[in-house]
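This report describes one protein model and the two ligands placed in it. The sequence and the structure come first, and the text follows.

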Amino acid sequence: MSSVKVGLLGFGTVGQGIASVLARNADEITRRCGRRVEVTHAAVRDVAKAQAAAAEANLDIQITDDAASVVSHPDIDIICEVMGGEQPALDLCLSALAHGKHISTANKALVAVHGNTLFAAAQKYKVMFGFEPSVAGGIPVIKAVREGLAGNRINSVAGIINGTGNFILTAMTDQGRDFNDVLQEAQALGYAEADPSFDVDGVDAAHKLTLLASIAFGMPLKFDEVLIEGIRNIEQEDVVHANELGYAVKHLGIARRRNIEGKTAVELRVHPTLIPQRQLLANVHGVMNAVLVDSDAVGQSLYYGPGAGSEPTGSAAVADVIDMVRALGSDPTHQVPPLAFQGNALEDIPVLGADDIETGFYCRITAEDKPGVMADIAGIFGKHNISLEAILQKEPDADNAADENAATLLPIVLLSHQVREGVMRQAIAEVEALQSVPSAVVLLRVENL
Ligand code: NDP
Ligand code: HSE
């Protein structure tokens, strides 16, 4: 039987990982799917650079700058889209689908925003559309949630789903390294997005959370409704206070089903979060990712592994390719639906706004060291029925104490029990209005998971 031919759109970090994994493990893969699978073509912008990379890896691939010729090539059965960005990736994928090619993409930005269009086109042309490599790099978490947990009602999905962000946070926390210096290292290792602000500002994690939430809850993709906060504003001082209280600071994506007066709604949010140090998630370091799923039959299950990188992500794409090879020639209506639920059974579950999120809070209040301040602050929290789990009153700020004319300022750290965010923000506005509180309160969310 002839081999199955794969065309790559892009031959960078992930494209080269796919080609290497397929070539190195060719025999093993053939035994798994019954046909030989080979990368024959790759489309890029800089042909000479890609040809040099292919030669260096000893890969015999036709490199072209004409991506349209790859998606329409009559010999190619499967396309791996690993160029990134919305365009021309979207048009090329739509063209590939119209030419009857199956697609696997690592491009979560594309799927989170245009997934509904792409899935409809895949259904129309009776081909498969996979996106295993687009979430959590090498961890087969899409397959786990979509297929392995298919018998469960899923309550929540929470995880560290950006490798670059976790790499930066780990190095800053453990080694006290500079943000920009660590970001440059993540870029050199091929972890970061073409626009690294997607990693540090939480957009990439929000793309991935959008996909996870849809396959967990059977809802359409709602990227525009994710609450997004990145890691730029995390201060060393808060990491230290959090540690003293028994918490680690991690950047999490959280999708949680809520029941509000008998109606289902979801929280979709990406933000720095304090989690107990004893939690497994608190011990996920560097480029590693982990996704914690809470579901009714299994309970909690955790999926851990490299969240970015050439061969880990290549491995996830190859898993999609193998599924496609196994399905070649079969009835596509019998395939697993892209979003786990039948397309006509997706529920338009409303996404809660920020005020309606319920979580614990870490508040760092900088206040003047004078009688009555604590009582004023406690009175405000009490008035709003916010119960406190811990209070940490620190020594005066050393810089400030050196200035004789300035009032002595104290950092006061409070941990609240779960409260609606709108209520907490109202209380914080009142605390900030106190004369004895001269600067903005630092507020971070706390999850006990
Ligand atoms: P790279 O920048 O390393 O590679 C991108 C490749 O696509 C290059 O070969 C580039 O060619 C080509 N390309 C980009 N734009 C065009 C275009 N308009 N026309 C033709 N070719 C183009 O990116 P990565 O491999 O890191 O990422 C690719 C995708 O995979 C992204 O969507 C990313 O989010 C995703 N991803 C990345 C992971 C990682 O660890 N890096 C992990 C998981 C997902 P040229 O160099 O000639 O410009
Ligand atoms: N830039 C992404 C990350 C790549 O660092 O997680 C993997 O999706």
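Which ligand atom lies 2.7 Å from an N or O atom in the side chain of D199? A nitrogen atom of ligand 2 does.

This is a predicted model, in which local features need pLDDT of at least 70, side-chain atom pairs count only at pLDDT 80 or more, and totals for chains, interfaces and linings use all residues. Residues are numbered from 1 along each chain as its sequence is written, chains are lettered from A and ligands numbered from 1 in the order in which they are written, and side-chain values use heavy atoms, with hydrogens and water left out.

**Ligand 2**

The residues around ligand 2 (those with a heavy atom within 4 Å of it) include K108, N162, Y191, E193, D199, D204 and K208. Two or more residues of this shell come from each of α8 (163-175) and α11. Helices here are DSSP runs of H or I with at least four residues, strands are runs of E with at least two, and both are numbered from the N terminus. Taken alone, ligand 2 exposes 260 Å², and the protein buries 94% of that; such areas come from the Shrake-Rupley method with a 1.4 Å probe, and for residues only the protein chains shown count as cover.

**Ligand 1**

Ligand 1 is surrounded by 23 residues, the closest being D46, K49, G190, E193 and G309. On its own this ligand has 900 Å² of accessible area, of which the protein covers 83%.

| Ligand atom | Protein atom | Distance |
|---|---|---|
| nitrogen of ligand 2 | polar backbone atom of Y191 | 2.7 Å |
| nitrogen of ligand 2 | side-chain N or O atom of E193 | 2.7 Å |
| oxygen of ligand 1 | polar backbone atom of G12 | 3.3 Å |
| oxygen of ligand 1 | polar side-chain atom of R45 | 2.9 Å |
| oxygen of ligand 1 | backbone N or O atom of G309 | 2.7 Å |

**D204**

D204 is placed in helix α11. Is D204 buried or exposed? D204 counts as buried because its relative accessibility is 1%; buried means under 20% relative accessible area, exposed over 50%, and partly exposed in between, with a 1.4 Å probe and protein chains only. The side chains of D204 and K108 are joined by a polar contact of 3.3 Å. A polar contact is a pair of N or O atoms within 3.5 Å; within protein, one must be able to donate a hydrogen and the other to accept it, and residues adjacent in sequence count only if both atoms are side-chain atoms. Beyond neighbours within four places in sequence, D204 is in contact (heavy atoms within 4.5 Å) with K108, I161, N162, E193, F198 and D199.

**Cores and domains**

A nonpolar core is a set of buried Ala, Val, Leu, Ile, Met, Phe, Trp, Tyr and Cys residues joined through side-chain atoms within 4.5 Å. The largest one has 59 residues, of which F129, F131, V141, F217 and L268 touch the most other members. Its largest share, 10 residues, comes from α11. Domain 1 (4-135 + 310-344) and domain 2 (141-306) each give at least three residues to this core. Apart from it lies another core, of 33 residues, including I29 and C80.

The domain assignment, automatic or from a database, also gives domain 3 (358-446). The centres of domain 2 and domain 3, taken over C-alpha atoms, are 27 Å apart. Between these two domains, 18 residues of domain 2 are in contact with 15 residues of domain 3.
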